[in-house]
Amino acid sequence: MNMRSSLNVDTSHRKSWILIAIIFALLILAAILSLGLGSVRFPPNEVISALLGKGNEIPDTILWDLRFPRMTLALLVGANMALSGALLQAVMNNPLADPGLTGVSSGSAVTVLVIILLLPEFTSSIPFAAIIGGSIAAIMVYSLAWKKGSISPVRIILSGVAVNAVFGGIIGLLSILYSDRLPAALQWLNGSLSGKGIGDVKLLLPYSILGWIASMFCIRQANILRLGEQAAANLGEKVNRIRVVLSVTAVFLAAITVSVVGIVGFVGLIVPHIARMLVGSDYKRLLPMSLGMGALVMLAADTAGRSLFAPLDIPAGIVMAMVGGPYFLYLMRKGDM
Amino acid sequence: MLEAQALDIQYDGKTVVNNFSLSVQQGEMISIIGPNGSGKSTVLKAMSRLIPCHMGKVCLEGQDVRAMDTKTISQMMCILCQANQAPSDMTVQELVSYGRMPHKKWYQRLTPEDYEIIDWAIEKTGLSELRHRKLPALSGGEAQRAWIAMALTQRPKVLLLDEPTTFLDIAHQLEVLELTRTINQELGVTVIMVLHDLNHASEYSDKICVLRKGKQELFGTPREVLTTDTIRQIYHVEAEVAYSPVSGKPRIHVCSRAEASKLWMAN
């Protein structure tokens with residue numbers, strides 16, 4: 001008899017879905033703006049007509065060879081890192097978790113750097129190397145954090161700090177030992193999208209879509225983990241298996257991204273956090289929101305980086321760190337974490 | 001119904017529970033009492049398969065729990081732990097609906113039948129007015145009722161409660177215990193709960209299991225278990241035991257040291 005009152009709970013989330021739609025609309029606007037911005041500027045209407053194949057105000061080389069791949073790459077990178085962060089936050093039941101803080105990014109970076117500096121003939125296997133490096137980091141973090149048959153969130157953060165320090169050290173060591181070959185790796189290390197072409201998009205896109213599909217299958221499990229380990233186990237869930245599945249997806253998303261553009265911090269930390277404030281903690285809405293918002297934030301960071309100080313090209317990773325760091329401190333002060 | 005057979009439980013190589021056995025019959029309401037650190041919660045969690053036993057086994061309806069699928073167990077047995085966490089934007093109804101999870105495959109959505117059960121549990125726990133309220137906006141007693149509603153939605157045959165009244169004031173304690181009794185008597189759910197308050201244990205249970213240092217000291221009706229002697233033995237305090245004129249169950253008054261010495265003098 002009260003069935004109607006149960007069912008109409010879904011409609012109360014309409015506001016959240018409208019917000020998600022707005023973010024994706026903003027994303028399209030930002031993409032058009034970003035294509036027009038740069039050393040040569042074009043108004044949005046010219047960009048749109050060029051995209052539609054009408055009008056020829058914009059040379060194909062600028063639009064299709066330079067700006068379009070870079071714009072697409074920014075979207076993919078932001079979306080992947082944000083999804084990865086949202087999933088890791090579910091696994092560790094901690095809003096501080098993200099691929100950067102847990103060492104997954106630096107783990108991937110080490111193996112990729114080894115290939116760039118020492119084994120340049122294996123360049124094609126860079127994505128796999130990144131996944132291996134990220135997995136090693138994740139396994140290290142989990143085994144350090146593992147105690148009494150369960151993983152405690154505090155220990156995971158602490159071991160993340162340790163693992164990050166170790167990999168950071170290795171990256172530093174490699175940079176000194178092979179300083180002659182470093183310029184090739186420097187742009188990559190900073191999380192820069194400059195000089196990326198359609199080849200990089202073609203490399204990252206299929207992996208990204210695979211990762212996105214996998215994360216949509218994680219929604220139910222991530223939601224149950226919100227109730228805590230014991231309540232999830234009580235509901236008949238194999239908690240540690242869920243954690244492995246979610247972690248593998250998160251590591252995959254972060255690693256393939258790092259393998260193409262290097263370490264981009266803070267997107268995975270801050271975007272899911274803001275998304276949670278806007279649409280709530282239900283992963284049904286949190287994941288799409290993180291995806292759209294991650295893409296938007298990254299695109300904004302990259303576009304700002306390359307147009308604000310033109311002709312200088314500031315890596316998006318640096319822009320994110322400079323904006324993200326203070327924002328992170330602000331969140332901590334506010335006591336949200 | 002639920003049986004613990006010679007359980008040995010270790011934490012970090014240290015034995016916390018030693019040779020613990022308990023047999024609970026269908027429809028019974030059992031309390032586990034004992035001093036802090038006596039292993040009450042540990043025993044309860046082991047019986048619910050949340051923590052592993054080093055030795056011994058737990059049988060649910062005659063089947064070894066370890067050999068059962070965890071999902072199958074969750075359709076028959078539910079445990080509510082002491083401190084529960086939920087996201088701050090979750091509503092009562094959302095929380096309660098998670099109780100249907102054990103009955104769903106990962107790709108299945110909630111059906112109208114599920115919503116009927118959810119509504120029934122919300123009504124049973126008196127939360128109809130609060131169903132769309134967010135969890136942090138609830139009082140301690142209301143929150144505990146919401147979790148119990150989730151447990152009901154699971155439709156368990158056995159309900160394990162780990163100190164369901166901690167953090168609550170006396171009125172809310174009573175409310176939760178009355179609700180538990182209703183669940184036991186009207187729905188026939190077997191209840192095993194860890195309690196601190198001896199009077200609650202006396203009033204609300206058919207049988208009481210007394211734990212001390214990881215061992216079962218006593219198991220019997222409140223009248224058999226709750227005596228001045230056993231309370232002295234277990235808790236090292238003096239207590240006066242009277243009997244309720246209504247239910248005949250023991251009522252315990254724990255004496256202060258001054259009271260105890262006066263009593264001793266008088267005797």
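**Domains of chain B and the fold of chain A**

Student: Which residues of chain B does UniProt list for "domain: ABC transporter"?

Tutor: The unreviewed UniProt entry lists residues 2–238 of chain B under that name. Please bear in mind that this is a predicted model.

Student: What is the helix and strand content over residues 2–238?

Tutor: That stretch of chain B is 36% helix and 25% strand, and its end C-alpha atoms are 34 Å apart.

Student: And how is chain B divided into domains?

Tutor: Domain 1 covers 2–226 and domain 2 covers 227–267. Their C-alpha centres lie 29 Å apart.

Student: How many residues are in contact between the two?

Tutor: On the domain 1 side there are 14, in contact with 10 residues of domain 2 of chain B.

Student: Which elements of domain 1 each supply at least two residues of that side?

Tutor: They are helix H7 (198–204), strand S9 (207–212), strand S10 (215–220) and helix H8 (222–225) of chain B. The largest share, 4 residues, comes from H7(B). By class, this side of domain 1 has 7 nonpolar, 3 polar and 4 charged residues.

Student: Turning to chain A, how many helices and strands are there?

Tutor: Chain A has 15 helices and 2 strands. Its C-alpha trace spans about 65 × 60 × 35 Å along the principal axes.

Student: What radius of gyration does chain A have, against that of a compact globule?

Tutor: Chain A has 20 Å, which agrees with the value near 20 Å for a compact globule, because the chain has 337 residues.

Student: What percentage of its residues count as buried?

Tutor: Of the 337 residues of chain A, 50% count as buried. Among contacts with a separation of 6 or more in chain A, 76% come from residues 24 or more positions apart.

Notes: Residues numbered from 1 in each chain as written. Chains lettered and ligands numbered in written order. Predicted model: local features only at pLDDT ≥ 70, side-chain atom pairs only at ≥ 80, totals over all residues. UniProt positions renumbered as here; feature names shortened; annotations may be inferred. Domains from an automatic or database assignment. Contact = placed C-beta atoms within 7 Å. Nonpolar A, V, L, I, M, F, W, Y, C, P; charged D, E, K, R; others polar. Rg over C-alpha atoms; globule rule 2.2 N^0.38 Å. Buried ≥ 20, exposed ≤ 12 C-beta atoms within 10 Å, placed from the backbone.
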